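Here are my notes for you, point by point. Keep the structure open while you read.

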Amino acid sequence: MKKRKNIITVAIDSPAAAGAGTQAKLISDHYNLFYLDTGKIYRYIGQLKLQYVKKFSYKFIDNKIRNLKLNDLNDKRLLTNNVAMSASIVAKDKRIRDIVHKFQQICAYNPPKKYNGSVLDGRDIITVQVKDAMFKFYITAKVEVRAKRRFNEYKKLKRKISYKEVLKTLKKRDKSDKERKHGPLKKTKDSILINTTKLSKKACFKMIKSIMDKKLNN
Ligand code: C5P
């Protein structure tokens, strides 16, 4: 695949609800980078699995991803606990990961011309997808804090779910995402650790911005 030269690439890995998406959006706005939330693609496939029980096959998924429009990823149905869990299950499958890989590569290395580069967040962005990223951040937070944040988001979306259930699912997903064979979540030595447990969104972005500006202005 031909790669656009001299673009800014930002790779972020994180467990669920650690604030990676929020920071990725702030980075994308500030530096004019194309943003892809890769978890949404697995959620999209997880939703297909729940919706098309009989039709669900590799060929079916491949076809859906080939025709995937970025707007499909804004579907509010993707933001449920059931879909998150289903996403985590389909994400263990190597063939499904390979299908998603192609889509992510184009977004990372050939973002639309109007952007200065790309920012991707997920579980295997630093380790597999954009190994040569210019910036690598591993964003995390205490699981109870992450569960509280996700619970509040669900409340805003009027989803009926308890904090206890959210915490249980997050722990289950963390375990599956970290222990699976293909593309497990792990921190690499060359990525910068950012713990958002006690950090506000603003403070966290300030930290990221100072790291990025230092390198970009050199
Ligand atoms: O980030 P989000 O919580 O939306 O991701 C949903 C699920 O998709 C994760 O629990 C994980 O199993 C999977 N995922 C993945 N690789 C990525 C992004 C997400 O396996 N790059």
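This is a predicted model: local features need pLDDT of at least 70, side-chain atom pairs count only at pLDDT 80 or more; totals for chains, interfaces and linings use all residues.

1. The axes are lines fitted to C-alpha atoms, for helices over the stretch in contact, with angles running from 0 to 180 degrees between N-to-C directions. Helices (H or I, at least four residues) and strands (E, at least two) are DSSP runs, numbered from the N terminus.

2. Residues are numbered from 1 along each chain as its sequence is written, and side-chain values use heavy atoms, leaving out hydrogens and water.

3. Now find helix H3 (residues 58-66) and helix H5 (residues 94-109): their axes come within 10 Å and cross at roughly 15 degrees. H3 and H5 are therefore roughly parallel to each other.

4. Who touches whom here? Contact means heavy atoms within 4.5 Å. Sorted by class, the contact of H3 with H5 has six nonpolar, no polar and four charged residues (Ala, Val, Leu, Ile, Met, Phe, Trp, Tyr, Cys and Pro count as nonpolar, Asp, Glu, Lys and Arg as charged, and the others, Gly among them, as polar).

5. On to the sheet: it is open, with five strands in the order E2-E3-E1-E4-E5 and parallel pairing (two strands pair if DSSP finds at least two bridges between them). Strand E2 (34-37) and strand E5 (192-195) are the edges, each pairing on one side only. E2 is joined to strand E3 (residues 117-122) by four bridges, and Leu36 sits opposite Leu120 in E3.

6. Helix H1 (residues 20-31) packs on this sheet, touching strand E1 (8-13), E2, E3 and strand E4 (135-140).

7. H1 also packs against helix H9 (residues 201-216), at an angle of about 45 degrees and with the axes 10 Å apart. That angle is why H1 counts as oblique to H9. This crossing is right-handed, and its contact residues include Leu26 of H1 and Phe205 of H9.

Definitions and conventions
Angles under 35 degrees count as roughly parallel, over 145 as roughly antiparallel, 65 to 115 as roughly perpendicular and the rest as oblique. A crossing is left-handed if the near helix is turned anticlockwise from the far one by less than a right angle, and right-handed if clockwise.
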